[in-house]
Amino acid sequence: MSTPTPQAALPPFGPTLIATLPNSGPPAGNNTVTLLGLGLAGATSVLFGGATATIVGQDPLGLTVTVVAPAHAAGTVQVTVTTGSGTSNPVSYTYVAPLPPTAATITPNAGPVAGGTSFVIAGSNLQNATVTIGGNAATVVGTDPTGTVLLGVTPAGPAAGGNVPVVVTTSAGTASVPGGFTYLAPAPTITGTVTPATASAGATFTIVGTNLAGATVLFGAAPATGVVVSGTVLTGIVPAGTVGSTVQVTVQTAGGSASAGTFTYV
């Protein structure tokens, strides 16, 4: 009985790549990509155009390898997998440069100067955006998966209120919301009345209250000059008036107006 001739060992089945899912991603990388193929078990390295990806999972059957894509300049690169049996054929993967954001509206478009107003910006490519309102950073709560809606909370605004720009920024550029955002100053409140209540034109007067930023003061219809606000104290110079007349003193701000009593010219 003859002895069987030993068979030569078959060469190992080399890795074969079929596709990447997804087949595109951002230049910053850090997104998960699944490689589909045959003979991928025991993968030791995955290259995206020469840049090394991080292997985070492998199918024991050698059908898939899951990786975190490395960063790479925008463009199409070749992806290969290396195992103990060799290096696979290349398949294409495209790094897509992000599109700049657009910002069409902010809702609501007005709120108190104290901030804390929840808002929605509608636009496009808003993922991972930051927002400034009047130059101050807003709190970004998040965006929808399509990047067309951004949710946030307004920061505090200027004490006197007013309209300020709203700017959305991503790694691809910036966009300004048409019309911006208007901070609504609270109405002034007055504690007591104007002091002194009787004096001549040119005298210095004092008014105490709150929300006085940006205030003007009218004695009747005549505006006071030299108005200065320091915290809760407003001072100024009594304008010209008719001796013996009594006029209403009114404090006006962007948030409204309040009476500071009457003043008599002597």
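Helices (H or I, at least four residues) and strands (E, at least two) are DSSP runs, numbered from the N terminus. This is a predicted model: local features need pLDDT of at least 70, side-chain atom pairs count only at pLDDT 80 or more, and totals for chains, interfaces and linings use all residues. Residues are numbered from 1 along each chain as its sequence is written, and side-chain values use heavy atoms, with hydrogens and water left out.

View 1. The C-alpha atoms fill a box of roughly 140 × 25 × 25 Å along the principal axes.

**View 2. Strand β30 (residues 256-265) pairs with β23 (residues 198-199) in the parallel sense.** Two bridges link them; strands pair if DSSP finds at least two bridges between them. Ala 199 stands opposite Tyr 265 in β30.

**View 3. Strand β29 (residues 246-253) runs antiparallel to β30.** Seven bridges join the two. Val 251 stands opposite Ala 258 in β30. A hairpin of two residues joins β29 to β30.

**View 4. Leu 61 lies in the loop between β6 (54-58) and β7 (64-68).** Leu 61 counts as exposed because its relative accessibility is 69%. The cut-offs are buried under 20% relative accessible area, exposed over 50%, and partly exposed in between (1.4 Å probe, protein chains only).
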